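I set out to record helix packing and chain contact in the model shown here. The entries follow the order in which I looked things up.

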Amino acid sequence: MPENFTPRHVLLTRGAGFLALWLVLMGPALKDLPVGIVAAAAAAWTSAFLWPARGGLSFSGMLRFLVRFLPQSVAAGVDVARRAFAPVPPLQPGFVTYQTALPAGMARQACCAVMSLQPGKLPVAAEADGTLHIHCLDLREPVAEQLAADEAAFCETLQDGGRNG
Amino acid sequence: MSALADLFTLVMVAGGALLFLAGTLGLLRFPDTLSRLHALSKADNLGLGLIVLGLLPQVGSIAGGLKLVCVWLLAQLSAATASQLIAGALHRRKSGR
């Protein structure tokens, strides 16, 4: 069995999830349903390449993550707005490097995407050894601690704590 | 009750519009491309979030509300992914790889 093989029941569950999303977005009209089924099947097929079958999510971890993520997301928007409206934008942009424990792949990329929605940080590149180059709006902020906290919160959403890609 | 809901909608949507303005200001005023990306991805996401939150009391059905929340989630996802891709492309160009 190849490493990235996705079992059929996992694909079916994902397909059902995608179909539910499609129904929410497009409305439950019977004549549109065939298009939705094709779209959900295509999405499930694509997900087999992008999301490893063992990469399960922890529901309680997701909840804890959301409780942290939403206020942080608000803080990020307010922070940018404050700087944008200031007579002279108070910025000291620059790069920091951060060593991530997450292996290369889906988990690391998702973690970077989440970090980019947090205040003042934007991951721009990842080296093979796990060094992330992160652009910061203001180097005077305690960026390294914030990054470690972001990564820890993200890892809690994964059932295996981020040990697998 | 509906007056209260309307007030909530007005405040939230106005706040959202203000954040979109902030994102645009940042896009024009911040010094370099990566800083401008910060402004766009973060301020606009919160702006859209506030507008969605403000519109929720006005939707007639649960399906409509779910749809609004899904739109916001998809926009978050695409904003995060797009800013990653732009930042990555910029980094590769600068480092000449």
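Helices (H or I, at least four residues) and strands (E, at least two) are DSSP runs, numbered from the N terminus. The model is predicted: local features need pLDDT of at least 70 and side-chain atom pairs count only at pLDDT 80 or more, while totals for chains, interfaces and linings use all residues. Residues are numbered from 1 along each chain as its sequence is written, and chains are lettered from A and ligands numbered from 1 in the order in which they are written.

**Entry 1: helix α5 of chain A**

I looked up the buried residues of α5(A) and found Leu147(A), Asp150(A), Glu151(A), Ala153(A), Phe154(A) and Cys155(A). A residue is buried if 20 or more other C-beta atoms lie within 10 Å of its own, exposed if 12 or fewer, and partly exposed in between. The partners of these buried residues are α3 (59-85), β1 (94-99), α4, β2 (121-126) and β3 (131-136) of chain A. I then checked the length of α5(A): its 13 residues, at 1.5 Å a residue, should span 18 Å, and the end C-alpha atoms are 18 Å apart, which agrees. The expected span is 1.5 Å times one less than the number of residues.

**Entry 2: α4 against α5 in chain A**

I examined the pair α4(A) (residues 106-115) and α5(A) (residues 143-155), whose axes come within 10 Å and cross at roughly 125°. Axes are lines fitted to C-alpha atoms, for helices over the stretch in contact, and angles run from 0 to 180 degrees between N-to-C directions. The two helices are therefore oblique to each other; angles under 35 degrees count as roughly parallel, over 145 as roughly antiparallel, 65 to 115 as roughly perpendicular and the rest as oblique. From α4(A), Cys111(A), Val114(A) and Met115(A) make the contact, and from α5(A), Leu147(A), Asp150(A), Glu151(A) and Phe154(A). By class I noted five nonpolar, no polar and two charged residues in this contact. Ala, Val, Leu, Ile, Met, Phe, Trp, Tyr, Cys and Pro count as nonpolar, Asp, Glu, Lys and Arg as charged, and the others, Gly among them, as polar.

**Entry 3: Met115 of chain A**

Is Met115(A) buried or exposed? I found Met115(A), which lies in α4(A), to be buried, with 22 other C-beta atoms within 10 Å. Leaving aside neighbours within four places in sequence, Met115(A) is in contact with Lys121(A), Pro123(A), Leu147(A) and Asp150(A).

**Entry 4: α1 against α2 in chain A**

I found α1(A) (residues 8-26) and α2(A) (residues 33-50) packed at an angle of about 135°, with axes 8 Å apart. This pair is therefore oblique too. By class, the contact of α1(A) with α2(A) has 13 nonpolar, three polar and one charged residues.

**Entry 5: chain B**

I looked up the interface and found 31 residues of chain B in contact with 26 residues of chain A. The largest share of the chain B side, twelve residues, comes from α3(B). In α1(B), Gly16(B), Leu19(B), Ala22(B), Gly23(B) and Gly26(B) are buried, and they pack against α3 of chain A together with α2 of chain B.

Note on methods. Contact = placed C-beta atoms within 7 Å.
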